[in-house]
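Hi everyone, thanks for making time. I've got one structure to walk you through, so let me put it on the screen.

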Amino acid sequence: NIPIPTSAAWKMPESCVAEGTLTLKASNTRTQLKKLLQERGNGSLLRAWRSELDSDFSQCVSLEDLQKCANSLGLPGGEAAAKLFFESASSGGVLTLLDLDKKAAVLATRFKRWATGIQPRQVFFESDDVLMRGKVLSLPDFADICRRNGFEASDVEMADVFGFCDISESMDGIRAHDLLFLEPDPVVREQEEQRLKILRMGQREQKQELMAEVFQQDRNRGVSDRHRLAPRPWQARNFEQLPKIVCEKKQDWQLQEERRTEQARAEFLLYLRKSYGNEIRAWRRALDPTATYRLTLTQLRKFFHCEAGLRDCVDQGALWRSLDKDSLGSIGMEDLAPQHCSVLATFRQFMHERVGSCSAVWDHAVALDACVGQREGLWKSTRKLLLQPFIRVLKELGWPTSHADSRSQLLASLDFFGCGFVSRSDLEWLDGWVPPEWIYAEPDEEALSELQALVRKKYAHPLSAWRSLFDRDDSNSVSWLEFSEACEKLRFKGNLG
């Protein structure tokens with residue numbers, strides 16, 4: 001063991017005695033910076049110095065690095081205050097730990113000089129077998145080893161030195177690679193880093209990770225198959241079966257599939273709006289002219305067959321996958337135009353509660369007066385009601401017509417021909433539709449609390465309930481059908497919508 005002077009006997013080198021003359025503003029900035037660094041380092045200034053400013057402890061912090069750190073920490077005054085402190089405290093165009101805190105600089109220098117006289121990896125981790133098992137040093141073990149090998153410090157100083165070595169985000173302990181910065185020789189440091197990587201390859205997952213990395217690098221070189229650095233065909237199969245490569249291929253395929261379906265849906269909706277004005281009118285006139293309120297893949301194909309301009313620009317398969325997400329074989333209006341259907345469902349529910357049905361609006365005295373009143377102008381029909389008189393009828397019945405978007409979506413959906421009028425058949429068509437419960441239901445906090453209580457009662461963790469009950473296909477989304485089935489299994493009797 002190499003004898004190391006204690007902190008009481010240690011003397012600062014003469015070159016480190018002078019701190020320079022700081023202005024009052026620079027001194028305040030230094031105090032604020034030290035406080036912010038200690039908070040970021042969980043009480044350790046040395047940990048924050050390495051993690052935020054000087055990871056390899058080269059003691060050469062530039063003005064740009066200091067300003068980035070100031071922005072990251074939220075230093076009062078920002079970059080301007082950091083520049084003022086840098087110009088006042090630094091010497092030779094770089095900032096050192098000594099310029100920030102003399103006591104911390106002395107402690108870090110003592111520890112690093114002590115470490116150069118020993119072999120830290122062998123002292124702290126003993127053998128390569130210990131490294132391969134992934135040993136992690138805790139603070140008590142670290143302090144005990146340091147003191148047994150001649151490094152003396154108080155408990156507070158030892159904790160700061162521990163943070164000096166452990167700069168990982170988890171702060172869960174020191175590993176072998178955390179001590180590499182103590183090696184002064186860069187060549188030896190690089191060799192030791194490579195050796196630690198090779199040791200970690202002994203674990204299966206890390207070995208596969210490295211193999212996948214090498215395979216990706218080789219594949220991204222863009223060289224010909226005959227080049228000496230090109231991946232060998234007889235090795236490609238082994239590499240392509242690595243879990244990381246398989247997952248990346250699956251993710252790439254899923255991303256491309258999502259893009260294809262989104263593009264097909266967007267192009268299809270754009271075509272419907274150009275040809276019919278809106279999606280609901282297209283549904284009523286072309287997609288579902290018999291008012292079954294459901295659309296199958298066969299019916300969609302017939303529609304494509306009649307629309308020559310649509311076949312050339314929209315992928316039918318991708319479009320159907322974007323619409324029929326539950327794989328039921330058919331879709332409803334709410335799958336095609338959820339916003340319009342939300343307005344229609346709310347209007348339908350309101351009129352059923354107010355006058356019994358939507359078609360009953362036509363026989364209401366207010367509507368009859370509106371039909372008679374409009375004959376005084378150029379419009380003589382009593383079987384069709386212009387949109388403006390129809391809005392006045394709805395207002396008289398209590399329907400909120402002040403919201404422009406909802407009003408325009410409702411009128412555009414009921415206006416079958418797009419000619420600016422509504423008839424009794426439009427309201428009868430809306431009566432025949434049975435919308436899903438969720439589309440018009442109001443949020444219910446009590447029902448949510450009741451459902452959460454049932455989930456907690458049956459499952460130990462919410463994630464277990466999500467994967468085994470709600471999202472059984474691992475799509476990271478839950479449809480209305482899946483939600484209904486899950487609530488049925490939980491025997492939930494509350495407000496399902």
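Predicted model: local features only at pLDDT ≥ 70, side-chain atom pairs only at ≥ 80, totals over all residues.

Okay, helix α3, which runs over residues 63-73. Which of its residues are buried? That would be Leu-66, Gln-67, Cys-69, Ala-70 and Leu-73. They sit on the same side of α3, because the arc they cover around the axis is only 160°. And what do these buried residues pack against? Three helices: α1 (24-40), α2 (45-53) and α4 (78-89). Then, just after α3, you get Gly-74 with a positive phi of about 75°.

The structure has 14 of them, and I've picked a few.

Take Arg-424 and Asp-363, whose side chains come together at 2.8 Å, N to O. Arg-424 belongs to helix α25 (residues 424-432) and Asp-363 to helix α21 (residues 360-363), so this pair ties together parts 61 residues apart in sequence. Both ends are partly exposed: Arg-424 has a relative accessible area of 29%, and Asp-363 has 46%.

Next, Glu-279 pairs with Arg-273, and their closest N and O atoms are 2.8 Å apart. Buried or exposed, for Glu-279? Buried, at 5% relative accessibility, while Arg-273 is partly exposed at 41%.

Then there's Asp-474 with Arg-467, where the closest N and O atoms are 3.1 Å apart. Here Asp-474 is partly exposed at 44%, and Arg-467 is partly exposed too, at 49%. Besides these pairs, there's a network: Glu-257, Arg-260 and Arg-321 are joined by salt bridges that share partners.

That's my bit, thanks.

Methods:
Residues numbered from 1 in each chain as written. Heavy atoms only, no water. Buried < 20%, exposed > 50% of the residue type's maximum accessible area, 1.4 Å probe, protein only. Helix = DSSP H or I, 4+ residues; strand = E, 2+ residues; numbered from the N terminus. Arc of directions from axis to C-beta. Contact = heavy atoms within 4.5 Å. Salt bridge = Lys/Arg side-chain N within 4 Å of Asp/Glu carboxyl O.
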